[in-house]
Amino acid sequence: MKRIGFASMNGGTGKSSLLIMTANCLSAAGFRVLVIDITMNKSVSFYYLNAETEQAVGYKNIGLALSKPDNKLDDYILLTDKFHVDIIPAPFNSVELRNLPLQHLTGMLAELNGQYDFVFMDLQSGYDVSALHLYNASDLIVRPVRPCFFDFSAESFFRDSNEIVMNKNDCRLCINGYSANEKSNEVYDVSAAEKEYIDRFCQSFQTVVSSAFVPFTSAVRAITDTRRNMFLRETGSFEVEKGIVVQPELFNSVYNLAQIIHGGHFNKPEEF
């Protein structure tokens, strides 16, 4: 069982959306995924919960699960409508996430070995002692960044201030949310400013930058808002009754990130 932490220094990097799309890709390929939401905004929880499971959040959430060291995470898992994806949601009362004994999480996750192939943890943006405990509980840390001054500065600060974390953990920066301006020939056009920061990330962080570059398109919002699957289309991007048809740049970048997380090749799902 591989434990993946999705983290970022700044908000608005597309972290939760990227987690959702990647988890859905792996589950569509037949892997069992547990999602744990440890954020204040609860985006991942709202995506995966339905009217029935929302009623159970009052007594099944990550805040209650971590409130006592002898609790079993298995007792706080909720099923979702996505095949092979389960969730431990964030509590609706965000106060319950404060001062959690997150140092117990590593041991509690070990008890789930054999039940899941992957555990995806959506971590609160920023960096503090709690974040350090969550990083220590992760085998791989995916850090989505936008190609801009603010994210480059924040990640540079994080790297320079946390060499132990960067050296101990397998960290991957994922260039996320570059502009997808569709030309008449429907090829993505990265602005000069974005290209500058993409180049700076690649030069400054070298092997830490993943090969999955995720464009921002209206399809990302449509997928997370409607909870429908994405389908691959060679050109164009539009909405259909069954799901959201997307361009190859988005579909393939999510699939590539899923392969990085998996650690090897697996057959590309037709939809996820």
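Modeller: The lining of the second largest pocket has 9 nonpolar, 6 polar and 2 charged residues (nonpolar: Ala, Val, Leu, Ile, Met, Phe, Trp, Tyr, Cys, Pro; charged: Asp, Glu, Lys, Arg; polar: the others, Gly among them). This is a predicted model: local features need pLDDT of at least 70, side-chain atom pairs need 80 or more, and totals for chains, interfaces and linings use all residues. Residues are numbered from 1 along each chain, and side-chain values use heavy atoms, without hydrogens or water.

The volume of the second largest pocket is about 270 Å³ (space filled by probe spheres on grid points joined across faces, edges and corners). Its lining holds 17 residues, and M40, L97, Q124, D128 and S130 are the closest to its centre. A pocket is an open set of 1 Å grid points that fit a 1.4 Å probe, with protein on both sides within 12 Å along at least five of seven lines; lining residues have an atom within 4 Å of a point.

Helix α6 gives the largest share of this lining, 3 residues (helices: DSSP H or I runs of at least four; strands: E runs of at least two; numbered from the N terminus). In α6, residues 129-136, the buried residues are A131, L134 and Y135 (buried: under 20% relative accessible area; exposed: over 50%; partly exposed: in between; 1.4 Å probe, protein chains only). They fall within an arc of 100° down the axis, so they line one face of α6 (arc of directions from axis to C-beta atoms).

Now the largest pocket. It holds about 540 Å³ of space. Its lining has 28 residues, with G12, T13, G14, K15 and S17 nearest its centre. The largest share, 6 residues, is from α1. This lining splits into 8 nonpolar, 16 polar and 4 charged.

R32 pairs with D86, with N and O 2.9 Å apart. R32 sits in the loop between α1 and β2, D86 in strand β4, and 54 residues separate them. R32 is partly exposed at 28%, while D86 is buried at 6%. E155 and R143 meet at 3.0 Å. E155 is in helix α7 and R143 in strand β6, so this pair ties together parts 12 residues apart in sequence. E155 is buried at 3%, and R143 is buried at 0%.

Technical notes: Salt bridge = Lys/Arg side-chain N within 4 Å of Asp/Glu carboxyl O.
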